Amino acid sequence: MLRVHFTSEDLARVRVAPGPDFLWEISNSVQTLQRRDGARVFGEWRQWARPRLSDSCRLLSSLLPPRGYSPDFLTPTSGDRGTLQAAVDTLLSTPRPRLRTDLTQLAASLQLPSWAGSLACGDVDTLRRLGLAVHTYHLEALAPFWRRIAAHVDADRAIRLHSLLDGGTEGLLAGLGPQFRWRSPVLEVTYPVDQQLCLRGRGLILQPSFFCWPTPITLADAELPPVLVYPIHHATDWASPVPNGRPTEGSGPLGPLLGHTRAAILRAARTGCSTVQVARLLDVTHPAISQHMNVLRAAGLVTTVRKAGRSFHVATAEGRALLSTAERAGLE
């Protein structure tokens, strides 16, 4: 059990991360890739990814066992994290004492390869190999699915926004899922080991993660900036990956989108909405809304998750961009 202790100041400083974190998704997916459980959610991706990975990616699996401790320095919480390169730069600038401390702790439970000693000393060439492995792994295993990963994280953020609007920060914490229990002023979290995290006015970043599995994760060192990474709800349909993470030219699903009803549904999904909410807003039957949503999903303009037996729809980045373009052009 993980127990996160809040003060009133901490409750005012809780925030949900703005999107997927490159290094958390990389670390979590490397660990998930080595596991056998969660096949319903990740089985198809594992079968797709394993034969495509280069030998350099084994460097990451040597540092990220499927269970137990993993080094904190692989998922830093500071620096400009808007791009993968910025995240890798932050990782490679880890101070030597942190490298040494984390790798010593890892070595207590895992036999490390010989190059780990050079990494612990901050050897420049070994750090460059690590950075290359991170880039290569992301390119080969995650980049083709990154749009989908971001869309699912966006959907989770929209759900958290509704929890915040309905119940404030305590409602947000109480609504994170069955692995969480809010007992003011402590958040109890399902966790493989007993751990205490005292926030002491530093606040908390809630980081939704596509590949976090099966329980939430936090950093081992409680003195580092507090972050709590938690699994999002997953759809199980792993469609074909998108080359280079971009839609293919000539894909035709946008044609059926013309029409006021679907445009209104897409606008409603900009901040997240349930089927019931949209049906009431537009005075349209539930089956009709579902049919329109199927078209919007096929076009990659919305994503849908289920929560408490209800379908919750959120516009993807592409859907929001289409709305913004139409509004600027005065078309909507």
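Predicted model: local features only at pLDDT ≥ 70, side-chain atom pairs only at ≥ 80, totals over all residues.

**Strands, helices and surface**

Guide: Both faces of strand E6 are covered, since Leu204, Leu206 and Pro208 on one side and Ile205, Gln207 and Ser209 on the other are all buried (under 20% relative accessible area, with a 1.4 Å probe and protein chains only; exposed is over 50%, and partly exposed lies in between). Residues are numbered from 1 along each chain as its sequence is written, and side-chain values use heavy atoms, leaving out hydrogens and water.

Visitor: Which strands pair with E6?
Guide: Strand E2 (residues 14-16) pairs with E6 in the parallel sense over three bridges, and Val16 stands opposite Leu206. Strand E8 (residues 227-231) also runs parallel to E6, joined by five bridges, with Pro231 as the bridge partner of Ser209. Pairing here requires that DSSP finds at least two bridges between two strands.

Visitor: And the open sheet, what is its strand order?
Guide: The order is E3-E4-E1-E5, four strands with mixed pairing. Strand E3 (180-183) and strand E5 (195-198) are the edge strands, each pairing on one side only. E3 and strand E4 (residues 186-189) run antiparallel and are joined by four bridges, where Trp182 has Leu187 in E4 as its bridge partner.

Visitor: Switching to helices, what does H3 pack against?
Guide: The buried residues of H3 pack against helix H2 (22-33) and helix H8 (124-142). In helix H3 (residues 39-49) those buried residues include Phe42, Trp45, Arg46 and Trp48.

Visitor: Where is there a nonpolar patch on the surface?
Guide: Leu161, Leu164 and Leu165 form one, with about 270 Å² of accessible area together. Such areas come from the Shrake-Rupley method with a 1.4 Å probe, and for residues only the protein chains shown count as cover. A patch takes residues with over 30% relative accessible area and no salt bridge, joining like charges within 9 Å and nonpolar side chains (Val, Leu, Ile, Met, Phe, Trp, Tyr) within 5 Å; a salt bridge is a side-chain nitrogen of Lys or Arg within 4 Å of a carboxyl oxygen of Asp or Glu.

Visitor: Why does Leu161 count as partly exposed?
Guide: Because its relative accessibility is 37%; Leu161 is found in helix H9 (residues 146-174).

Conventions
Helix = DSSP H or I, 4+ residues; strand = E, 2+ residues; numbered from the N terminus. Contact = heavy atoms within 4.5 Å.
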